[in-house]
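Subject: Model handover and notes

Hello,

Here is the model we spoke about, for you to open alongside this message. Please look it over before reading the notes.

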Amino acid sequence: MNKLSISHDVSEITASVDAVVAKGGVAAVISRKGDIVSNENRSTKVLFSRPETDEQAMDIVEMLVRSGAVDLVVTDFVPSAAVMGNAKRTGTEIVLFHS
């Protein structure tokens with residue numbers, strides 16, 4: 001997929017996460033503001049993190065994308081150019097949630 005998409009729709013993001021998990025992939029939801037996607041009844045293939053600072057959030061997203069360990073990252077901050085370059089290399093899709 002190799003892209004950054006922006007969504008204001010929580011149900012659209014939830015559907016994206018569900019689709020990745022249904023295909024056997026792993027998704028990560030990294031949000032400073034709160035839960036973008038509910039973690040109720042989710043499989044272990046969805047990672048959730050609520051970092052205390054923007055810097056922690058950026059570090060977590062960068063580590064996950066660079067590792068190639070996840071297929072989809074949902075976050076509420078704009079990733080750096082370096083993160084986007086790593087996403088292209090690893091094939092990780094990034095969805096920016098903008099409320």
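This is a predicted model: local features need pLDDT of at least 70, side-chain atom pairs count only at pLDDT 80 or more; totals for chains, interfaces and linings use all residues.

Residues are numbered from 1 along each chain as its sequence is written, and side-chain values use heavy atoms, with hydrogens and water left out.

Strands

Helices (H or I, at least four residues) and strands (E, at least two) are DSSP runs, numbered from the N terminus. Two strands are taken as paired if DSSP finds at least two bridges between them. On that basis β2 runs parallel to β3, with four bridges joining them. Within this pair, phenylalanine 48 of β3 stands opposite valine 29. β2 also pairs with β4, again in the parallel sense and over four bridges. Here alanine 27 has leucine 72 of β4 as its bridge partner, and alanine 28 has valine 73. β4 in turn pairs with β5, parallel and over four bridges, and threonine 75 stands opposite leucine 96 in β5.

Burial is given by relative accessible area: buried is under 20%, exposed is over 50%, and partly exposed is in between (1.4 Å probe, protein chains only). β2 is covered on both faces, with Ala27 and Val29 buried on one side and Ala28 and Ile30 buried on the other. In β4, Leu72 and Val74 point one way, Val73 and Thr75 point the other way, and all are buried.

Helix α2

α2 covers residues 54–67, which is 14 residues. From its first C-alpha to its last it reaches 20 Å, close to the 20 Å expected at 1.5 Å a residue; the expected span is 1.5 Å times one less than the number of residues. Ala57, Val61, Leu64 and Val65 are the buried residues to look at in this helix. They lie on the same side of α2, because they cover an arc of only 95° around the axis, the arc being that of the directions from the helix axis to the C-beta atoms. The buried residues of α2 pack against β2 (27–30), β3 (46–49), β4 (72–75), α3 (81–90) and β5 (93–97), where contact means heavy atoms within 4.5 Å. After the helix comes glycine 68, with a positive phi near 75°.

Salt bridges

A salt bridge is counted when a side-chain nitrogen of Lys or Arg is within 4 Å of a carboxyl oxygen of Asp or Glu. The structure holds two.

One is between aspartate 54 and arginine 32, with the closest N and O atoms 2.8 Å apart. This pair links distant parts of the chain, 22 residues apart: aspartate 54 is in helix α2, and arginine 32 is in the loop between β2 and β3. Aspartate 54 is partly exposed at 46% relative accessibility, and arginine 32 is partly exposed at 32%.

Another is between arginine 66 and glutamate 62, with the closest N and O atoms 3.7 Å apart. Both residues lie in helix α2, four residues apart, about one turn of the helix. Arginine 66 is partly exposed at 44%, as is glutamate 62 at 27%.

Aspartate 76 lies in the loop between β4 and α3. With a relative accessible area of 10%, aspartate 76 is buried. Its side chain makes a polar contact of 2.7 Å with the side chain of serine 31 and reaches the backbone nitrogen of arginine 32 at 3.2 Å. Not counting residues up to four places away in sequence, aspartate 76 touches Ile30, Ser31, Arg32, Lys33, Ile36, Leu96 and Phe97.

Serine 7 is in strand β1 (residues 4–7) and is buried at 3% relative accessibility. The side chains of serine 7 and glutamate 12 are joined by a polar contact of 3.2 Å. Beyond four places in sequence, serine 7 touches Glu12, Ile13, Val95, Leu96, Phe97 and His98.

Regards

Terms used:
A polar contact is a pair of N or O atoms within 3.5 Å; within protein, one must be able to donate a hydrogen and the other to accept it, and residues adjacent in sequence count only if both atoms are side-chain atoms.
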